Amino acid sequence: MQALKLIAEDKEDLEVIAAYLQDAVGLVGDLSYLPGSRIFAAVFNRFRWEEAQAGKKRRKTFERARTGLHFSNVLSVKSRKIRQDNPDGVLNLLSISFEEGEAPSGTVVLTFSGDGEIRLEVEALEAQLRDMGEVWETPNLPSHEDDA
């Protein structure tokens, strides 16, 4: 397995990181804001979409990898519908976006299932994603079926 390592310094770069992290799963306790260092860090179990979509044959198993996500230049963090008092609470990451402010500042928005959200006010966009270990198999393929 080739470990994934990505850097984002603009909105388009962040869209690439967001695509790789879609359907990542983590715990509330695996999110941390260090205001003195202006860093927000998170650890997720990333679904390896790049492997699931490789080749044309039908797969019976898929893969996940332990992955770190790190934002620098963070001025503040706000959350909505995420219980901070439950470190074992499971979060399913749906998307990451960047709302531009006065350049180069803005807000990074991490959106989770159940309408949860984390908003990072950043002085400038700087993010890093890095796989941190071995991958493991899972029989579960995330589904994005419309409920309507």
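A salt bridge here means a side-chain nitrogen of Lys or Arg within 4 Å of a carboxyl oxygen of Asp or Glu. Keep that cut-off handy for the exercises below. One thing to know before you start: the model is predicted.

**Exercise 1. Find how many salt bridges the whole structure has, then check the pair D30 and R66.**

Step 1. A search of the whole structure turns up 12 salt bridges.

Step 2. For D30 and R66, the N to O distance is 3.4 Å. The cut-off is 4 Å, so this pair passes.

Step 3. Now place the two partners. D30 sits in the loop between strand 2 and strand 3, R66 belongs to strand 5, and the two are 36 residues apart, so the pair links distant parts of the chain.

Step 4. How covered are they? D30 is partly exposed at 23% relative accessible area, and R66 is partly exposed too, at 28%.

**Exercise 2. Work out what the salt bridge between E63 and R48 ties together.**

Step 1. The closest N and O atoms of E63 and R48 are 2.3 Å apart.

Step 2. E63 is in strand 5, while R48 is in the loop between strand 4 and helix 2, so the bridge ties together parts that are 15 residues apart in sequence.

Step 3. Both E63 and R48 are buried.

**Exercise 3. Start from D115 and R80 and find the network they belong to.**

Step 1. The side chains of D115 and R80 meet in a salt bridge, 3.2 Å from N to O.

Step 2. D115 lies in the loop between strand 8 and strand 9, and R80 lies in strand 6, so parts 35 residues apart in sequence are tied together.

Step 3. D115 is partly exposed, with 42% relative accessibility, and R80 is partly exposed with 34%.

Step 4. Follow the shared partners: salt bridges join R80, K81, E99, D115, E117 and R119 into one network.

**Exercise 4. Decide whether D10 and D23 are buried or partly exposed.**

Step 1. D10 is in the loop between strand 1 and helix 1, and D23 is in the loop between helix 1 and strand 2.

Step 2. Buried means under 20% relative accessible area. D23 has 6%, so call it buried. D10 has 33%, so it counts as partly exposed.

How values were computed. Residues are numbered from 1 along each chain as its sequence is written. This is a predicted model: local features need pLDDT of at least 70, side-chain atom pairs count only at pLDDT 80 or more; totals for chains, interfaces and linings use all residues. Side-chain values use heavy atoms; hydrogens and water are left out. Helices (H or I, at least four residues) and strands (E, at least two) are DSSP runs, numbered from the N terminus. Buried means under 20% relative accessible area, exposed over 50%, partly exposed in between (1.4 Å probe, protein chains only).
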